Amino acid sequence: MKGKASGEPSSRRQNREPSSQRERILEALASICAEHGSGAATIQAIVARAGTSKRTFYREFAGKEEALEAIADEFRDRVLEALTERPRSGEDRQWPDSLRLGVAALLETVAAEPEPAKVVFLEPSSGNRPAGELLIAEIFERSAESASEPPPSPAAARAARAGAQGLIVDQLIADRADTLPALLPELLYISLVPYVGQREALRRSQVTGESE
Amino acid sequence: MNQEEAPAERLPSGRHRLPREVVLESQRRRIIEAMIASVGTNGYEGTSVADVLERAGVSRATFYEHFSDKLDCFLAAHDSLVDSLLAGVGQVCSGAGDWTARVRSALAGLVERFAAHPGEARVALVEVTATGPDGRRRYRTALQRFTPFLEEGYDHAELRRELSALTLRMAVGSVASILFEEVAAGRAESLPDRVGELTFAALAPLLGPEAAARAAEQDRA
């Protein structure tokens, strides 16, 4: 178990003691998924790890799927929180530099919460679009709101999102979530190259944001 | 490789003069093919060792002579499938002619195979990652095995010296993400419509969007 959060106020959930049964259940589920895959996460296994009961589990969630969705929803909220908290310079408001804020917020959140991140990016969700794909699409959409140029071809937009997703998945599988923030230039390059070309993508991905 | 494409026939049972290695290899192939067929249809979770035994026509004892458990067998099946996919891509990529056209043809060949055998696509991409961390690492290793096919792209990349060491991996990861999404959504059969997108995703990181778009729009040979 993690220790109590020390003096400084922190919005990082990771530094807090799970405050409710609900959070304990979600943390238990995320850690079982990270260690063994969601197939191993039976309700029995989840409540045993969370130190709670099946009854409590079913008071909070209809089933495992709903709990997995809750992890994805909370992770998304955390990314958007990190995004709004980031200081931005004038330049960063404009597409395509605006993408840096979104991608940096995403990478930071993945590094801070690798287990929920694995649920979002590595667990195949049945039927619907995978949570990781949706989250990346949302970050691109928010960043491109300020774009003045016409949107690129659908193939380019898709390659950009798929490139970002591919690298995040690669690093998560290799248990290297903590190194992802250092790969911000690579992530930006692969995300921007379909839109702005290689030279521009290289130039914009090398510029260090002011926010660090 | 042709041997791998043909379905493994059951050898005559009872007394025969086939060497033991031939019998073992035939059993192993049948089990692996049965595993791919079963997981391709019912998913990893929905497949039991009993299903595999029934399809392969082997006994439980025989299964455990070859594999320690269901996961061990599935991972061996995945490896064998990836070997076969790599062979197909390699054959096209190492051919003559314009490099970008070869990349496009190799991707076209890959997705045509997936469209004809959606179960293979499901096994290769989606189900392997559903088995847990071992399967995910296998998936990652499989993707890395495709990166050498794009290495030739550096010869054509104007900005070669400025590109990240991760460029090839990112290009392969980008293609894999698109394939994964399509297959997970049950659209393996219509993957051939995506050849342009896949070609663009593979080439844009190396050659830039204009050259990638030209290659993506090349006429189907």
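This is a predicted model: local features need pLDDT of at least 70, side-chain atom pairs count only at pLDDT 80 or more; totals for chains, interfaces and linings use all residues.

Residues are numbered from 1 along each chain as its sequence is written, chains are lettered from A and ligands numbered from 1 in the order in which they are written, and side-chain values use heavy atoms, with hydrogens and water left out.

Chain A and chain B bury about 3000 Å² between them, 61% of it on carbon and sulfur atoms, where buried area is the accessible area (1.4 Å probe) that two parts lose on being put together, summed over both. On the side of chain A, Arg158(A), Ile173(A) and Gln198(A) lose the most area to chain B, together 23% of what that side buries.

| Item | Value |
|---|---|
| Residues from chain A in the contact (heavy atoms within 4.5 Å) | 36 residues |
| Residues from chain B in the contact | 35 residues |

Across this interface there are seven salt bridges, each a side-chain nitrogen of Lys or Arg within 4 Å of a carboxyl oxygen of Asp or Glu. Arg169(B) and Asp170(A) meet through their side chains in a salt bridge, at 3.2 Å from N to O.

Phe121(A) touches several residues, among them Phe75(A), Leu106(A) and Leu172(A), not counting residues up to four places away in sequence.

A cis peptide bond, with omega about 0 degrees, joins Trp95(A) and Pro96(A). Asp175(A), a residue other than glycine, has a positive phi near 55 degrees.
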